[in-house]
Amino acid sequence: LAKVINPSTTTTDESASTNDTTNGTTTATDDNSNRINLKDYKTAQELETKLDADVLKIELTLRGMKCGGTKTERAKRLFMARDVTSLDELPRKLFVKKKKVQEEKKRGRHHDHCSN
């Protein structure tokens, strides 16, 4: 996967980070050991302008959140996670459905009306 760069953290390994100097956005690279600190961003628009679309996607994925859509939609969705102490506080619709349930629905084995 790719590495997500924390804008407040400097790294001595120049090959580990990519900063697009043409527009100042942080882009994804080789390793995901560094995560961005959402508190460093005041608005979803700031996330959108300072982070690459792939970085937004990776950050959403790491949180189990839906990662599709436009760069703007991704930034808004990620920003919603900024001020919560637990991701459980966010609406379920922001998260990827559990794979087992999705597979059962595809096969016609999952029935919403069953309580077991």
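In which helix is Ala75 found? Ala75 is found in helix α3, where helices (H or I, at least four residues) and strands (E, at least two) are DSSP runs, numbered from the N terminus. The model is predicted: local features need pLDDT of at least 70, side-chain atom pairs count only at pLDDT 80 or more, and totals for chains, interfaces and linings use all residues. Residues are numbered from 1 along each chain as its sequence is written, and side-chain values use heavy atoms, with hydrogens and water left out.

**Overall architecture**

The protein has four helices and two strands. Along the sequence these elements follow the pattern β-β-α-α-α-α. Of the 116 residues, 28% count as buried; buried means under 20% relative accessible area, exposed over 50%, and partly exposed in between (1.4 Å probe, protein chains only). Contact means heavy atoms within 4.5 Å. Among the contacts with a separation of 6 or more, 57% are accounted for by residues 24 or more positions apart.

**Packing of α2 and α3**

Two packed helices are described by the angle between their axes and the distance between the axes. The axes of helix α2 (residues 53–62) and helix α3 (residues 71–79) come within 9 Å and cross at roughly 40°. Axes are lines fitted to C-alpha atoms, for helices over the stretch in contact, and angles run from 0 to 180 degrees between N-to-C directions. Helices α2 and α3 are therefore oblique to each other: angles under 35 degrees count as roughly parallel, over 145 as roughly antiparallel, 65 to 115 as roughly perpendicular and the rest as oblique. The crossing of α2 and α3 is left-handed, a term used if the near helix is turned anticlockwise from the far one by less than a right angle, with right-handed used if clockwise.

On the α2 side, Ala53, Asp54, Leu56, Lys57, Glu59 and Leu60 meet Lys71, Arg74, Ala75, Arg77 and Leu78 of α3. By class, this contact of α2 with α3 has five nonpolar, no polar and six charged residues. Here Ala, Val, Leu, Ile, Met, Phe, Trp, Tyr, Cys and Pro count as nonpolar, Asp, Glu, Lys and Arg as charged, and the others, Gly among them, as polar.

Ala75 is buried, with a relative accessible area of 0%. Not counting residues up to four places away in sequence, Ala75 touches Ala44, Leu47, Glu48 and Leu56. Ala75 and Val55 are 20 residues apart in sequence, and their C-alpha atoms are 9.9 Å apart in space. In helix α2, Leu62 is partly exposed, with a relative accessible area of 32%.

**Salt bridges**

A salt bridge is a side-chain nitrogen of Lys or Arg within 4 Å of a carboxyl oxygen of Asp or Glu. By this rule the count comes to five salt bridges, and the table lists some of them.

| Pair | N to O distance |
|---|---|
| Asp83 and Lys39 | 3.0 Å |
| Lys50 and Glu46 | 3.1 Å |
| Glu59 and Arg63 | 2.5 Å |

Asp83 forms a salt bridge with Lys39. This pair links distant parts of the chain, 44 residues apart: Asp83 lies in the loop between α3 and α4 (99–107), and Lys39 in the loop between β2 and α1. Asp83 is exposed, with a relative accessible area of 52%, whereas Lys39 counts as partly exposed at 47% relative accessibility.

Lys50 and Glu46 both lie in helix α1, four residues apart, about one turn of the helix. Lys50 is partly exposed at 40% relative accessibility, while Glu46 is buried, with a relative accessible area of 18%.

Glu59 and Arg63 belong with Arg35 to a network of salt bridges. Glu59 counts as buried at 0% relative accessibility, and Arg63 is likewise buried, with a relative accessible area of 14%.

**Surroundings of Tyr41**

Leaving aside its neighbours within four places in sequence, Glu46 is in contact with Asp40 and Tyr41. Tyr41 lies in the loop between β2 (25–27) and α1 (44–50), and at 2% relative accessibility Tyr41 counts as buried. Tyr41 and Phe79 are 38 residues apart in sequence and 8.4 Å apart in space, C-alpha to C-alpha.
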